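User: I have a structure open and I am new to this. Can you go through it with me?

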Amino acid sequence: MILFYANQLTSLSVVILCWWLAHQYSRDMPPGRMISVGFSLVGFSILITALGRSMNSINGADIVPWMIVLTKAATIFTFSAISVRRHRLRRE
């Protein structure tokens with residue numbers, strides 16, 4: 001039970017961090033808005049995963065594995081966009 005609450009608390013922390021980072025990057029140059037979208041997708045998918053975990057303990061819903069895959073895909077997109085942005089900034 002402690003692991004469940006620790007998992008939910010860390011998920012909430014990451015969602016808040018993604019919200020803050022999305023707002024930080026949204027003001028940057030055009031690649032910043034794509035990064036902001038990536039952080040939004042990561043945060044939203046983690047939120048859905050946390051809610052799915054809670055519902056799974058209630059009614060046996062099994063959406064968590066698919067949302068974890070979506071979270072990883074959104075994280076790959078976001079980190080790639082950050083890498084491209086940093087590469088372009090170094091070239092200038």
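Predicted model: local features only at pLDDT ≥ 70, side-chain atom pairs only at ≥ 80, totals over all residues.

User: What is the mean pLDDT of the protein chain?

Analyst: The mean is 86, and 88% of the residues reach 70 or more. pLDDT is the predictor's confidence in each residue, from 0 to 100.

User: Where is confidence lowest, and where is it highest?

Analyst: Confidence is lowest in helix α2 (residues 30-59), with a mean of 84, and highest in α1, with a mean of 92.

User: How many helices and strands are there?

Analyst: The protein chain has three helices and zero strands, and along the sequence the pattern reads α-α-α. Both kinds of element are DSSP runs numbered from the N terminus: helices are H or I with at least four residues, strands are E with at least two.

User: OK, inside now. How much of the chain counts as buried?

Analyst: Of the 92 residues, 30% count as buried. Buried means under 20% relative accessible area, exposed means over 50%, and partly exposed is in between (1.4 Å probe, protein chains only).

User: Which residues make the largest nonpolar core?

Analyst: That core has 12 residues, among them Val15, Leu21, Phe39, Ile46 and Ile82. Two or more residues each come from α1, α2 and α3 (64-91). The largest share, five residues, is from α1. A nonpolar core here is a set of buried Ala, Val, Leu, Ile, Met, Phe, Trp, Tyr and Cys residues joined through side-chain atoms within 4.5 Å.

User: And glutamine 8, buried or exposed?

Analyst: Glutamine 8 is buried, because its relative accessible area is 17%. Glutamine 8 sits in helix α1.

User: What about glycine 52?

Analyst: Glycine 52 has 3% relative accessibility, so it counts as buried. Glycine 52 belongs to helix α2, and its C-alpha is 9.7 Å from that of proline 65, 13 residues away along the chain.

User: Switching to the surface. Which residues make the nonpolar patch?

Analyst: Leu9, Leu12, Ile16, Leu17, Trp19 and Trp20 make a patch of about 670 Å². Like charges are joined within 9 Å, and nonpolar side chains (Val, Leu, Ile, Met, Phe, Trp, Tyr) within 5 Å. The areas come from the Shrake-Rupley method with a 1.4 Å probe, and for residues only the protein chains shown count as cover.

User: Why does leucine 9 count as exposed?

Analyst: Leucine 9 counts as exposed because its relative accessible area is 55%. Its place is in helix α1 (residues 2-25).

User: Last topic: how many aromatic pairs are there?

Analyst: There are two. Phenylalanine 4 and tyrosine 5 form an edge-to-face pair, with 5.5 Å centre to centre and 70 degrees between the planes. Rings of Phe, Tyr and Trp (its six-membered ring) pair if their centres lie within 6.5 Å; planes under 30 degrees apart count as stacked, over 60 as edge-to-face and the rest as tilted. Phenylalanine 4 is partly exposed at 25% relative accessibility, while tyrosine 5 is exposed at 53%.

Key
Residues numbered from 1 in each chain as written. Heavy atoms only, no water. Patch = residues over 30% accessible without salt bridge, like charges linked within 9 Å, V, L, I, M, F, W, Y side chains within 5 Å. Salt bridge = Lys/Arg side-chain N within 4 Å of Asp/Glu carboxyl O.
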